Amino acid sequence: MRHFVLVSYDISDQKRWRKVFKLMKGQGEHVQYSVFLCQLTEIQQVKLKVSLAELIHHAEDQVMFVKIGPVTKDQLDKRIATVGREFLPRDLTKFIY
């Protein structure tokens, strides 16, 4: 089963940040500077964590995974609250129900 997962990263080195960004571009929707909204199975999460672990400096960088819930027909905008500009996924076709 796929879950919506917010992946947020704080990378202290610009070169490593670019590598992480490049990896994440293939994993989900870029929603903020260092935040991606992904749809991942448990296996995909593990594989992504392994790939990220190879790119980051563990004493200086951090990648956070926030599981929002299963990919269902429920409105995603009811699970994500914002202050300011409203959050709307750019490409709803990415979200497979």
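Guide: Helix α1 (residues 14–25) packs with helix α2 (residues 42–55), their axes 10 Å apart, at an angle of about 160°. Helices are DSSP runs of H or I with at least four residues, strands runs of E with at least two, numbered from the N terminus. Axes are lines fitted to C-alpha atoms over the stretch in contact, and angles run from 0 to 180 degrees between N-to-C directions. This is a predicted model, in which local features need pLDDT of at least 70 and side-chain atom pairs count only at pLDDT 80 or more, while totals for chains, interfaces and linings use all residues. Residues are numbered from 1 along each chain, and side-chain values use heavy atoms, without hydrogens and water.

Visitor: How are α1 and α2 oriented to each other?

Guide: Angles over 145 degrees count as roughly antiparallel. The angle here is about 160°. The two helices, α1 and α2, are therefore roughly antiparallel.

Visitor: Which residues of α2 make the contact?

Guide: Contact means heavy atoms within 4.5 Å. From α1 come Arg 16, Lys 19, Val 20, Leu 23 and Met 24. From α2 come Leu 48, Ser 51, Leu 52 and Leu 55.

Visitor: Which strand gives the largest share of the lining of the largest pocket?

Guide: Its share is three residues. The strand is β2 (residues 28–32).

Conventions:
Angles under 35 degrees count as roughly parallel, over 145 as roughly antiparallel, 65 to 115 as roughly perpendicular and the rest as oblique.
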